[in-house]
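Reader: Hi! I'm new to looking at protein models. Could you walk me through this one?

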Amino acid sequence: MKKLALVLLVALCLASPAWAGWKEGVAAYRHGDYATALREFRPLAEQGYPYAQYLLGLMYYKAQGVPQDYKQTLYWFRKAAYQGYPYAQYDLGVMYSQGRGVPKDYKQALYWWRKAAIQGYVDAQHGLALMYFHGRGVPKDYKQAAYWWRKAAEQGDALAQNNLGMMYYKGYGVPQDYVKAYMWAELAMARRPEEARTKKLRDKIAAQMTPQQIAEAQRLAKEWKPER
């Protein structure tokens, strides 16, 4: 549950229609005035607005202005998720994957993450890839894991890039290809240089390559641009 950072709140404020009280609620939330945020969000949520339903559910999850209540969190997340809101779909999947407020259910997590992943939501794509990689709620399937990690990697997600590099290095779900493996590991390291495992993976791949292959992989990484 890493939502509701300042960037997300600003994005929601800009993307949503001019509902009465919406911007006031967002501003109050940003300033830690949860009582006002709750007062503004609740009527909007009850009227069926998915942004407000999601944020109200998140407030119950984080005990912001209300006692922590997973049942209320699930209630409002479901309301927004059934309307196709990807943040709610992803976080509803998290609730099922962790067994918070509901029995742990990987199939339900998979169901909701898939819906969010299809809409291009990176966290859901990454979560879906992990489910296929480990065989949670679905038979283990490296091709599907590589497919969803590629979707997230192509949007610039460093963890997905690193994992996709590992898949090419091992030949899991994709043909073994050291050049592509190095390229993805290089991209991941550029975005997350503090991650020791990323450098470790890149160095392991490099040990299997010729200087010409390394140069080609570096060229591809330099020319690569994320999808928009």
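This is a predicted model: local features need pLDDT of at least 70, side-chain atom pairs count only at pLDDT 80 or more; totals for chains, interfaces and linings use all residues.

Reader: Is Ala117 buried or exposed?
Author: Ala117 counts as buried because its relative accessible area is 2%, and the cut-off for buried is under 20%.

Reader: Which residues does Ala117 touch, leaving out those up to four places away in sequence?
Author: With those left out, Ala117 is in contact with Ala124, Gln125, Leu128 and Trp148.

Reader: And what separates the C-alpha atoms of Ala117 and Tyr49?
Author: Those two C-alpha atoms are 21 Å apart, and the residues are 68 places from each other along the chain.

Reader: New topic: helix α5. Why does its end-to-end distance agree with what it should span?
Author: Helix α5 has twelve residues, 70-81, so at 1.5 Å a residue it should span 16 Å. The C-alpha atoms at its ends are 16 Å apart, which agrees.

Reader: Which residues of α5 are buried?
Author: They are Thr73, Leu74, Trp76, Phe77, Ala80 and Ala81.

Reader: Why might residues a few places apart point the same way?
Author: An α-helix has 3.6 residues a turn, so residues three or four places apart point the same way.

Reader: And what covers the buried residues of α5?
Author: The cover includes α3 (34-46), α4 (50-62), α6 (86-98) and α7 (106-118). That last one is the helix where Ala117 is placed.

Reader: Can we zoom in on Thr73? What does it touch, not counting residues up to four places away in sequence?
Author: Thr73 touches Gly57, Tyr60, Tyr61 and Met95. A polar atom of the Thr73 side chain also lies 3.1 Å from the backbone oxygen of Gly57. Thr73 is buried, with a relative accessible area of 0%.

Reader: You mentioned Tyr60. Which helix is Tyr60 found in?
Author: Tyr60 belongs to helix α4. Tyr60 is buried too, with a relative accessible area of 9%. Beyond residues up to four places away in sequence, its contacts include Arg42, Asp69, Thr73 and Trp76.

Reader: And how are Tyr60 and Met95 separated?
Author: They are 35 residues apart along the chain, with 13 Å between their C-alpha atoms.

How values were computed: Residues are numbered from 1 along each chain as its sequence is written. Side-chain values use heavy atoms; hydrogens and water are left out. Helices (H or I, at least four residues) and strands (E, at least two) are DSSP runs, numbered from the N terminus. The expected span of a helix is 1.5 Å times one less than its number of residues. Buried means under 20% relative accessible area, exposed over 50%, partly exposed in between (1.4 Å probe, protein chains only). Contact means heavy atoms within 4.5 Å. A polar contact is a pair of N or O atoms within 3.5 Å; within protein, one must be able to donate a hydrogen and the other to accept it, and residues adjacent in sequence count only if both atoms are side-chain atoms.
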